Amino acid sequence: MRITVIGTGYLGAVHAAGMAAFGHDVLGVDVDAAKIERLAHGVAPFYEPGFPDLLRENLDAGRLRFSTSLEEAAAFGDVHFICVGTPQKPGSTSADMKFVDAVIEGMAPHLLRPCLIVGKSTVPVGTAARLTEMVARLSPAGEQAQVAWNPEFLREGFAVNDTLHPDRLVVGVASADAEATLRQVYATILEEGTPYVATDVATAELVKVSANAFLATKISFINAISEVCEAVGADIVPLATALGHDARIGNRFLAPGVGFGGGCLPKDIRAFLARAEELGIDEALGFLRNVDAINVNRRHSAVNLARGMLGGSLKDKRIAILGAAFKPNSDDIRDSPALSVANALQSQGAQVRVHDPEAIENARAAHPLLNYTSEVHKAFEGAQLAVHLTEWQEYRDLDPLHLATLVTTPHILDARNALDIDHWRAAGWTVRAMGRPAR
Ligand code: UDX
């Protein structure tokens, strides 16, 4: 099939290469000419394990091309996937729909024949209905250009696997034709027996925000219990393990620590609540306000714990920051807890040095006033405290005995509960961790 993928960020670029891997002819489109240039030359514009190979294989096979032209996209594709961002609107908690709307406004006037526009971006419920009306009004194809919704659940760091082998396929369609087209697009995945849910467009839009709201709630739940543990000297780590053994609860997304960040969960719960307010049903989702507040508070707690470990003042204290990405195996720093903690420590007078295996370039561009190093040992040199904020494997593999010789005082705060703290203590370190008693 001839498929276009509009928006080539973490989601769209991987989706475009994935669709080509399924044998379709794919055109990836973005307004960012530099990004398109890199992709066209087989260079991944972001860090995502496995993506560079997938990209190059499909470019070489001649099934994948890139362009900046929506007009070209309209002429080329029978199916158009919309994968542009829906970030938080400045000065508001709602999602900013300007990128999605710009795609429709730019492409619809060039849609001359029947086609299917498939939204993948996370959007406020009601968007597909609104876009359907826009397309009918703006495109020569009129109602023959249909709109469907097919939410994407891929996790950064696992995007290739989640695209080629998703754990479920959800399609929101307004007609049997649209469903038949999507079944054809995803034939390879359906043959694997992947669970498939076909529904109306509004339900499909809601599946995505509900999934992210649930995941955020699960993380904030364990972090709220973590605060109780801190108050009474109990230990959140064995507590979470014990909860996770209940199959109804499960142990995934139950890791306590500095909380969730990234380009999705924080803004998605806010946008969901903002949409509920517009619909006059915000009481039903009022708990998401607490989910957000608990999460934001974890960052303050990490800063307070760090200050306490340094004798009550951060002024002129040298702190090694381990991690800048919002999670490991990604260079994405959007709403990263690590960088918000690093900034707060620095603004209270500390001298921070930030290390990350992949995200330094992005971090430096967004937060040029922080100090960075690409060598983890340099971050430790002379430090009075290290704060572990993104659980990269590299940090788990560190040798605490050797690092103790580099620092001024061997103090570490494990804000992700991911280090072997007994091992660090045995090497002479004073260790504190979120939700765990001091020893
Ligand atoms: C998320 C959803 O998982 C995905 O389905 C959706 O399509 C996009 O949003 P992603 O943003 O890639 O994916 O990250 P995810 O793995 O969900 O992690 C989000 C944040 O939660 C990270 O900052 C992570 O460190 C944190 N987290 C995750 C926890 O603090 N504890 C956990 O137990 C799990």
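Visitor: Which residues is I319 in contact with, leaving aside its neighbours within four places in sequence?
Guide: This is a predicted model, where local features need pLDDT of at least 70, side-chain atom pairs count only at pLDDT 80 or more, and totals for chains, interfaces and linings use all residues. Residues are numbered from 1 along each chain as its sequence is written, and side-chain values use heavy atoms, without hydrogens and water. Contact means heavy atoms within 4.5 Å. With those sequence neighbours set aside, I319 is in contact with L310, L314, L345, A350, Q351, V352, R353, L385 and V387.

Visitor: Which members of the largest nonpolar core touch the most other members?
Guide: A nonpolar core joins buried (under 20% relative accessible area, 1.4 Å probe, protein chains only) Ala, Val, Leu, Ile, Met, Phe, Trp, Tyr and Cys residues through side-chain atoms within 4.5 Å. The largest has 51 residues. Touching the most other members are I319, I321, L345, F380, W424 and W429.

Visitor: How many residues are in the other core, apart from it?
Guide: L39, F46, L164 and L182 are among its members. The count for this core is 40 residues.

Visitor: At what angle do the axes of helix α5 and helix α6 cross?
Guide: α5 covers residues 98-107 and α6 residues 127-138. Their axes, lines fitted to C-alpha atoms over the stretch in contact, come within 9 Å. They cross at roughly 25°.

Visitor: Is D101 buried or exposed?
Guide: D101 lies in helix α5. Leaving aside neighbours within four places in sequence, D101 is in contact with R130, L131 and M134. Its relative accessible area is 17%, so D101 is buried.

Terms used
Buried < 20%, exposed > 50% of the residue type's maximum accessible area, 1.4 Å probe, protein only. Axes fitted to C-alpha atoms, helices over the stretch in contact; angles between N-to-C directions. Helix = DSSP H or I, 4+ residues; strand = E, 2+ residues; numbered from the N terminus.
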